[in-house]
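Trainee: Hi! Could you walk me through this one?
Mentor: Happy to. Here it is.
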Amino acid sequence: MFWQRKGGGWNPYFAGALTGLLALGSAVATTKVMGKTAYLGASTTFVRAAGLVERQFLPERVEKNAYFQKEKVKVDWQFMLVCGIFVGALIGALTGRDFDLEGVPPLWRERFGPRVWKRAVGGFAGGVVAMFGARLADGCPSGHGLSGAMQLSVSGLVAMVCFFAGGVFVAKYLDRVRR
Amino acid sequence: MNELVLGLVTGCLFGFLLQKGGVLRFDRQVGALLFRDMTIIKFMFSAILVGSVGLQLLSEAGLIALSHKPMNAGGVVVGGLLFGVGWAFAGFCPGTAVGALAEGRWHALFVIVGMLVGAALFAEAYPFLKETVLAWKDFGRIALPQTLGVSPWHCIAVLWGFAAVCFVWCEFKGV
């Protein structure tokens, strides 16, 4: 059928269009339930989660930090949204027989070999830099890319161009290293 | 239904669609940056096209309020480029890292831990950044139509046209 993709899963145009409809439904539902429209996003939750973890060890530091005060360290709508992503993806993977234990992705293996520790270092460092950048930009591909671009926000459109520009540059470099 | 339940339900649907769309893979994300597998672009643009028309109609009907993030030049450009650099190594953005872990791609855990550390580091650096990079120039919460002085529908038409060209290119190249 038209929504299926060769080799499993759904046609990305179809799944994407449904995600657009979900964004609309979510905008209306959050306005009704919370009295204020909330848009799909993910990266602020990492700030709150980091604050929740850090609070176990350095409670005063978290309390005094201006950024944690600004973003408020608590479990909110978006925090549950990110938890939901895990549950939904798990359901999708199990029902589609798509669950795949992967320690080193194929493309990474081709470039850096099969060692897990190398992928761990690369993934960790990439995660640190990506999240630092996302917080500086005040959004990630969900908040800026999907929600911002959909609203025709200047920040969302510019951010998306920058995300790709930075990524393409590094990906090209890594590709050269391999050859 | 309270806001936490709503968030969880919305997230489940979002995660399910991300999984079905096949975007929770390192190879697909980095593949797009190499212009070899444009799955995530097709997924993202399709969502944006549908969403842009819908949000415009809903906001004109007064059912929702648009909420633009501030166009802070230093923050968005420097932060955006930094994000891109990290993304190419991580292979996941924050939302897809969580989804990828659920799909069994356990190396996403390293990325998630890195992201939590990155968030904590940003919180430490925030007072400094606020006085420097974030203080360069803030254009405020601006939208493209108002900035250009045109109708939102004109912008949406251009967006659809641009996406159509991208889609045709992707299918023509078979990526």
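Trainee: Leaving aside its neighbours within four places in sequence, which residues is Gly140(B) in contact with?
Mentor: Those are Pro70(B) and Met71(B), where contact means that the C-beta atoms, placed from the backbone, lie within 7 Å. This is a predicted model: local features need pLDDT of at least 70, side-chain atom pairs count only at pLDDT 80 or more, and totals for chains, interfaces and linings use all residues. Residues are numbered from 1 along each chain as its sequence is written, while chains are lettered from A and ligands numbered from 1 in the order in which they are written.
Trainee: Where is Gly140(B) found?
Mentor: In the loop between helix 6 (108-131) and helix 7 (144-148) of chain B. Helices here are DSSP runs of H or I with at least four residues, numbered from the N terminus.
Trainee: Is Gly140(B) buried or exposed?
Mentor: Exposed, because it has 10 other C-beta atoms within 10 Å. The cut-offs are 20 or more for buried, 12 or fewer for exposed, and partly exposed in between, with C-beta atoms placed from the backbone.
Trainee: At what angle do helix 1 of chain A and helix 1 of chain B pack?
Mentor: About 175°, with their axes 10 Å apart. The axes are lines fitted to C-alpha atoms over the stretch in contact, and angles run from 0 to 180 degrees between N-to-C directions. So helix 1 of chain A is roughly antiparallel to helix 1 of chain B, a label for angles over 145 degrees. Residues making that contact include Leu18(A) and Leu22(A) from chain A, and Leu13(B) and Phe14(B) from chain B.
Trainee: And which residues are buried in helix 8 of chain B?
Mentor: Pro152(B), Ile156(B), Leu159(B) and Cys170(B). They cover an arc of only 60° around the axis, so they sit on the same side of helix 8 of chain B; the arc is that of the directions from the helix axis to the C-beta atoms.
Trainee: What covers them?
Mentor: The cover for those buried residues includes helix 3 and helix 7 of chain B. On the other side of helix 8 of chain B, the exposed residues include His154(B), Phe162(B) and Trp169(B).

Notes: Helices (H or I, at least four residues) and strands (E, at least two) are DSSP runs, numbered from the N terminus. Two residues are in contact if their C-beta atoms, placed from the backbone, lie within 7 Å. Angles under 35 degrees count as roughly parallel, over 145 as roughly antiparallel, 65 to 115 as roughly perpendicular and the rest as oblique.
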